[in-house]
Amino acid sequence: MDGACGPVLIVSDRSEIQALGDEHPEDRIYQQKVQDISKKYAFFRRTLGDGNCFYRALSFAYLESMLGNNKGIKKLRQNLIQSREDLLAAGFAEKTFENSFSTVLWFQFLDVIDLVETDGSVSQLLAVFNDRAASDHLVQYLRLLTSAYLQKQSGFFEFFLEGGISIKDFCAQEVEPMAVESDHIHITALTQALDISIQVEYMDKTDSEVNHHIFPEGSKPLIYLLYKPGHYDILYKASNTK
């Protein structure tokens, strides 16, 4: 496991997909699922299990997919510029935004996009994501962006909430704080906010097959994530699969 003989990595190097089997060697159903998923994916990349793994996995995989893709980088930068207005529209105080979110989080994300465009190396991207402060800034911004989108589209998302909680309270309790795990509603909101498509492979204990879900439905996935109960990692398709 990562960190057994050294510092724990926030985002690891890629590993052969079969290495997933090392985690639960005694679990027959889990081992069957590893064999199933290895038919479509060649590698995976671990993320730290600190409650922020979905945002970490999504942002790293998205930025990694942009390496060498100038058109995609331009789209991402435009989305980020627009997101600043969305945060203000969602009710985040402008003074707070200017003093904290804009100068630290927003510009931090722009800096990473610039790095992806000018450097274009996975090693530099890994260095950013394994720097705790820089990595957490990216996660925090995506949490705020998710919150802003949920509030912007509250008429749609409120039907997915239980217990009579409002969208605003849900965001304050379950979206904006660091280290709070993410669910279907978070994934739906953030992928729509960023205008990207992802496929999540679910390795849970519900049955013996690996099921998947594409966000949004019917789209062509750009990146692939692996979900195991309470945790997300990054997947890489085998070259002979579509």
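**Notebook: strands, loops and a phenylalanine patch**

I began in strand 6, where Leu 235 is the bridge partner of Phe 44. Helices (H or I, at least four residues) and strands (E, at least two) are DSSP runs, numbered from the N terminus.

I noted the ground rules next. This is a predicted model, in which local features need pLDDT of at least 70, side-chain atom pairs count only at pLDDT 80 or more, and totals for chains, interfaces and linings use all residues. Residues are numbered from 1 along each chain as its sequence is written, and side-chain values use heavy atoms, with hydrogens and water left out.

**Strand pairing**

I followed strand 2 (residues 41-47) in both directions. It pairs with strand 6 (residues 231-237) in the antiparallel sense, over four bridges. Strand 1 (residues 11-16) also pairs with strand 2, antiparallel and over four bridges. Pairing requires that DSSP finds at least two bridges between two strands.

Is strand 2 mostly covered or uncovered? It is mostly covered, with five of its seven residues buried. Buried means under 20% relative accessible area, exposed over 50%, and partly exposed in between (1.4 Å probe, protein chains only).

**Whole chain**

I counted nine helices and six strands in the protein. The radius of gyration is 18 Å, close to the 18 Å that the globule rule gives for 242 residues, so the protein is as compact as a globular protein of that length. That radius is taken over C-alpha atoms, and the rule is 2.2 Å times the number of residues to the power 0.38. The C-alpha trace spans about 55 × 45 × 35 Å along its principal axes.

Buried residues make up 48% of the 242. I then checked contacts (heavy atoms within 4.5 Å). Among those between residues at least 6 apart in sequence, 72% join residues at least 24 apart.

**Val 210**

Val 210 sits in the loop between strand 3 and strand 4. It is buried, with a relative accessible area of 12%. What does Val 210 touch, not counting residues up to four places away in sequence? I found Lys 33, Asp 36, Ile 37, Glu 201, Tyr 202 and Met 203. Asp 36 is 174 residues from Val 210 in sequence, yet 6.8 Å away in space, C-alpha to C-alpha.

**Backbone checks**

Most residues other than glycine have a negative phi, and most peptide bonds are trans. I logged the exceptions below.

- Phe 215 and Pro 216 are joined by a cis peptide bond, with omega about -15°. Pro 216 lies in the loop between strand 4 (211-215) and strand 5 (223-228).
- Ala 179 has a positive phi of about 70°. I placed it in the loop between helix 8 and helix 9 (184-194). At 47% relative accessibility, Ala 179 counts as partly exposed.
- Asp 195 has a positive phi near 60°. Its loop runs between helix 9 and strand 3 (198-202). At 48% relative accessibility, Asp 195 counts as partly exposed.

**Surface patch**

Last, I looked at the surface. Phe 156, Phe 159 and Phe 160 form a nonpolar patch there, with about 390 Å² of accessible area together. Patch residues have over 30% relative accessible area and no salt bridge; like charges are joined within 9 Å, nonpolar side chains (Val, Leu, Ile, Met, Phe, Trp, Tyr) within 5 Å. A salt bridge is a side-chain nitrogen of Lys or Arg within 4 Å of a carboxyl oxygen of Asp or Glu. Accessible areas come from the Shrake-Rupley method with a 1.4 Å probe; for residues, only the protein chains shown count as cover. I placed Phe 160 in the loop between helix 7 (154-157) and helix 8 (167-175).
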